[in-house]
Amino acid sequence: MTNSGPSGAGHSLKPPAAAPGPRSRVTLQIIADRLAVSTATVSLALRGSPLVAEATRSRVQQMARDMGYSYNRSAASLRTDRTNILGVGFHDITNPYFAELLAAIEETTTAHGRSILLGTYGEDLERQDRVLNTLKEYRPDGMILCAAGGSTPETFAHLVAAGVPMVQLSREITPALDFVGSDDRHGTTLAMEHLIGLGHRRIAFICANERISTGRNRYLGYCEALARHGLTFDPALVYSGYGTRENGSKGIQTVLDAPNPPTAAICMNDLAAFGAMLGLRHRGREAGIDFSIIGCDDVQEAAQWYPALTTIRNFQDEMGRTSAEFLISRIADPDAPPRRHLLTPALVIRGTTTAPRG
């Protein structure tokens, strides 16, 4: 015996299936059995296909909602084109700076009725590509991205082509996308002016990094300040690498071995500064007594070290909140011109800076 549903597709009638248990997975087949239609009809109806009559689409979608079926991992997408999921791609969450950014993003998105889906990829471009593709498969309404070092505009081309709204956070890759970050060049300028004002003339830069916009801008501020004050640039006082504790420790010991060593150092971030402080101790020296160190970010740990770290505050709470608000606005108005928001950093003077000895 056959029956033709409103879609016009012939199919066999099947006895109604037993109601699934509370932890059973609701499948297309179960919905099809309940409504005596084919699984193909159910699949098309859930995608809103015009090949299925409107009455059938409504019955299928209502049954899916009633049974708790989650299409594309979000039942909300059955009612609208939104999943209420925002993808967040970070290169690192072990650095407390990015953990603090993430906390601010989550607080803001939750207040707007959204959930976040997090992917991390280190500084690995291939891994980043895999992670971003996976996030895209979950059909997020948009993404907040802090890109891996070496990323280019082409890195995000597949997301742009898929129409995924995006906001760049902290690291800027292209002016074609919204960006929220700190004025990193100005931050380093504040640090340099402080050290020069204390009397330092031999100042190192630890963890210089040309592969990320934050690294380029912070290093540029360092070079400009040297030139502005007529101080000689010495490549022996620059240690390149990503901002990690290990690189901070290696970096400070490397520049201390220079023929004419520094009396102070600016570090790419607070993690590098913590490593540099430990590296100094390996050499029998102490930050704030016979050497000056300045970090960047002002993570919560910075005030808890001994001595407490002098650093550049980037206001990551506000940065994270603003990036989430930008993305929500971008989702609502995908054709609006791209926006760029730079927060003005502030110097926080604590215990690791002092006048040079002798």
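## The model and its overall make-up

This is a predicted model, in which local features need pLDDT of at least 70 and side-chain atom pairs count only at pLDDT 80 or more, while totals for chains, interfaces and linings use all residues. Residues are numbered from 1 along each chain as its sequence is written, and side-chain values use heavy atoms, with hydrogens and water left out.

The chain's secondary structure comes to 11 helices and 14 strands. Both are DSSP runs numbered from the N terminus, helices being H or I of at least four residues and strands E of at least two. Of the 358 residues, 50% count as buried; that word stands for under 20% relative accessible area, with exposed meaning over 50% and partly exposed in between (1.4 Å probe, protein chains only). Turning to contacts, which are heavy atoms within 4.5 Å, residues 24 or more positions apart account for 67% of those with a separation of 6 or more.

Let us walk across the open sheet of six strands, whose order is 4-3-5-6-7-13, with parallel pairing. Two strands pair here if DSSP finds at least two bridges between them. Strand 4 (115–120) and strand 13 (340–343) are the edge strands, and each pairs on one side only. From one strand to the next, the twist averages 15°; axes are lines fitted to C-alpha atoms, for helices over the stretch in contact, and angles run from 0 to 180 degrees between N-to-C directions.

Inside the sheet, strand 6 (residues 166–169) and strand 7 (residues 178–182) run parallel and are joined by three bridges. Valine 167 has aspartate 178 of strand 7 as its bridge partner. Helix 5 (residues 125–137) packs on the sheet and touches strand 3 (85–90), strand 4 and strand 5 (142–145). The direction of helix 5 makes about 160° with that of strand 4.

## Strand 8 and its partners

Strand 8 (residues 203–208) is mostly covered, since six of its six residues are buried. Strand 8 pairs in the parallel sense with strand 10 (residues 264–267) over four bridges, and alanine 204 has alanine 265 as its bridge partner there. A parallel pairing also links strand 8 to strand 9 (residues 238–240), over three bridges. In that pairing, alanine 208 stands opposite serine 240.

## Aromatic pairs

A pair of aromatic rings is described by the distance of the centres and the angle of the planes. Rings of Phe, Tyr and Trp (its six-membered ring) pair if their centres lie within 6.5 Å; planes under 30 degrees apart count as stacked, over 60 as edge-to-face and the rest as tilted. The count comes to six aromatic pairs. One of them is the edge-to-face pair of phenylalanine 90 and phenylalanine 98, at 6.0 Å centre to centre with 70° between the planes. Phenylalanine 90 is buried at 0% relative accessibility, and phenylalanine 98 is buried at 6%. Ring pairs link Phe90, Tyr97 and Phe98 into a cluster.

Another pair, phenylalanine 274 with tryptophan 305, is stacked, at 4.7 Å centre to centre and 5° between the planes. Phenylalanine 274 lies in helix 10 (residues 270–282) and tryptophan 305 in the loop between strand 11 (292–294) and strand 12 (311–313), so the pair ties together parts that are 31 residues apart in sequence. Phenylalanine 274 is buried with a relative accessible area of 0%, and tryptophan 305 is buried with 15%.

## Two residues worth a visit

Asparagine 95 lies in the loop between strand 3 and helix 4 (96–111). With 4% relative accessibility, asparagine 95 counts as buried. Leaving aside neighbours within four places in sequence, asparagine 95 is in contact with Asn269 and Leu271. Asparagine 95 and glycine 243 are 148 residues apart in sequence and 9.4 Å apart in space, C-alpha to C-alpha.

Threonine 109 has its place in helix 4 and counts as buried at 1% relative accessibility. Its side chain reaches the backbone oxygen of glutamate 106 at 3.1 Å. This is a polar contact, a pair of N or O atoms within 3.5 Å; within protein, one must be able to donate a hydrogen and the other to accept it, and residues adjacent in sequence count only if both atoms are side-chain atoms. Beyond neighbours within four places in sequence, threonine 109 is in contact with Leu86, Arg114, Ile116 and Ala324.
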